[in-house]
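Student: I'd like to learn how to read a structure like this one. Could you take me through some features, one by one?

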Amino acid sequence: MESINILWFKRDLRLTDHAPLSNALSSEHPTILLYIFEPSLLNNPHYSERHWRFVWQSLDCMNETLAHHGHQISVMQGEALECFQEIQSKYRIDTVYSHQEIGLNCTFERDRLLKGWFDTQGIAWQESQQGAVLRGLTNREDWDKNWSLIMRSPKLEPQMNSEHLHTLDSKQINHSFSPLPSWTSLSSGMQTGGSKLAWLTLHDFFNRRGKDYYRSISSPIRSRNACTRLSPYLAWGNISLREVYQELLKHWHVPGFRRSLIALSSRLHWHCHFIQKFESECEMEFRCTNTAHEALLSQSCDTDQKHLMAWKAGNTGFPLVDACMRCLHYTGYINFRMRAMLVSFLTHHMNMDWREGVTHLAQLFLDFEPGIHYAQFQMQAGVTGINTIRIYNPIKQAQEHDSEGEFVKKWVPELQQVPVPLIFEPWKMTQMEAAMYQLEQHSPYLAPIFDINERAREARERLWSWKKRPDVKSEGARVLAKHVRQTNKRATS
């Protein structure tokens, strides 16, 4: 029986700067490049078709390169253990190479099951570090220094060679896979997956769009062009964070770019920071980081399903909230400030438990990354006990960051005829004005789901009373000790 290695792709869908691929191709056995569409992930409530279409596009892009070597990614459908068992029945698997996955609990449990089976079969599993995220980290001392060291270290470029590759014969495996027809066509409004487009997007940022990054990052309309738009390519591994950072350093002295590159550099750092938080305390998928908030949420949260459905559909009657949600449904992208506002509106104004909306936004974010998603969701929900409480006023946010109503009018066409400043608070219109601006009598923009000023007052009282509680403070000290380096602890206290 022939001995082979397997390179298992997950959220690292590229052929450059890829340590597991480099290691596999340097070994003595031919390597099968494998991707598995797992039913437990295909049906997971965090994911939707837009994610799997992006993955399929990414695999297609990789296959374009591999075709020059006479090979392609071997794609299977089934739970990972079943697929590895089938391969083992036809070959002798020597080593499985992959990146460490900082993922959901279901992937962690899958990996534990796999590790046990690999051990019984005498199969080595060599996992490489993902970016600057350290498995088993207990504190953040020297973490920043390590991040910088990794980001500046030489990229790992796998040496592709046809003799080192092996492709499974899809006719001979029981877990072969064919994508849904909707995965194989472009989706209007959505970014398309693949390393080729990742690099084109990156170069376009530095060559054309990036100078306005620092001053446009908060605007829901300008950020669509001025931001890097690399987030889905990073989330699915079409490009490595190190590749992006080293391109940034090449442009450090380009006139007019410095302020934008400083802002971008800090956000690349935050990328790993939040994933590290999730790696170090993955229980935040199910509970508040600051566990003292659990009882407080169960005692005080609202469960108004009509309000929740209005938020999910973009029909709350608050123009900027609805515009952001509708934009997400169509494009899978909004900027960070607007994401924070959506979570704030859900958890503060609507007084909902953050878990009521966490999978809904995960399904909509094309760039869903578990570690970033959960850490930031809880930060904006105010349940970490260490972050500043921010209650985003959607009226004020619209006035400051969409002052001409351009974004709102694009995504809430019912308000296209409404002028500034009425578009920020359309419920203040008279009946005559509503008729003049073509709003229907029962439009939610004439009667939003609640009085936002009253809800904001209640949220402030509730959140600040919680923040002062001894149990919240005590648990906050534990969170600080685990997730914040010593210098930042002094600054936060």
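Student: Which helices each supply at least two residues of the lining of the second largest pocket?

Tutor: Here is the general idea: rolling a probe the size of a water molecule over the atoms shows where empty space is left. On a 1 Å grid over the protein atoms alone, a cavity is a set of points where a 1.4 Å probe fits but cannot get out, while a pocket is an open set with protein on both sides within 12 Å along at least five of seven lines; lining residues have an atom within 4 Å of a point. Helices (H or I, at least four residues) and strands (E, at least two) are DSSP runs, numbered from the N terminus. In this case helix H6 (143-152), helix H10 (231-235), helix H11 (241-250) and helix H12 (258-280) each give at least two lining residues, and H12 gives the most, with 3 residues.

Student: Before we go on, what kind of model is this, and how are residues numbered?

Tutor: It's a predicted model: local features need pLDDT of at least 70, side-chain atom pairs count only at pLDDT 80 or more, and totals for chains, interfaces and linings use all residues. Residues are numbered from 1 along each chain as its sequence is written, and side-chain values use heavy atoms, with hydrogens and water left out.

Student: Back to the second largest pocket: what is its volume, and how many residues line it?

Tutor: A volume is the space filled by probe spheres set on the grid points, which are joined across faces, edges and corners. For the second largest pocket that comes to about 530 Å³. Its lining has 30 residues, and Arg14, His99, Gln129, Gln130 and Gly131 lie nearest the centre. For classes, Ala, Val, Leu, Ile, Met, Phe, Trp, Tyr, Cys and Pro count as nonpolar, Asp, Glu, Lys and Arg as charged, and the others, Gly among them, as polar. This lining has 12 nonpolar, 10 polar and 8 charged residues.

Student: And how many cavities of 30 Å³ or more are there?

Tutor: There are 4 of them. The largest cavity holds about 110 Å³ of space. Its lining is made of 14 residues, with Lys10, Tyr35, Glu38, Leu41 and Glu101 nearest the centre. Strand E1 (3-9), strand E2 (31-37) and helix H5 (105-121) each supply at least two of the lining residues. By class, the lining has 8 nonpolar, 1 polar and 5 charged residues.

Student: What happens at the start of H14, and what follows the helix?

Tutor: A polar contact is a pair of N or O atoms within 3.5 Å; within protein, one must be able to donate a hydrogen and the other to accept it, and residues adjacent in sequence count only if both atoms are side-chain atoms. At the start of H14, a side-chain oxygen of Asp304 comes to within 3.0 Å of the backbone nitrogen of Lys306. After H14 comes Gly314, with a positive phi near 80°.

Student: How should I read backbone angles?

Tutor: Most residues other than glycine have a negative phi, and most peptide bonds are trans. Here Arg229 has a positive phi, near 65°, and Asn351 has one of about 55°. The peptide bond from Val420 to Pro421 is cis, with omega near 10°.

Student: Where is Arg229, and what reaches its backbone oxygen?

Tutor: Arg229 sits in the loop between helix H9 (223-226) and H10. The side chain of Gln191 reaches the backbone oxygen of Arg229 at 2.9 Å.
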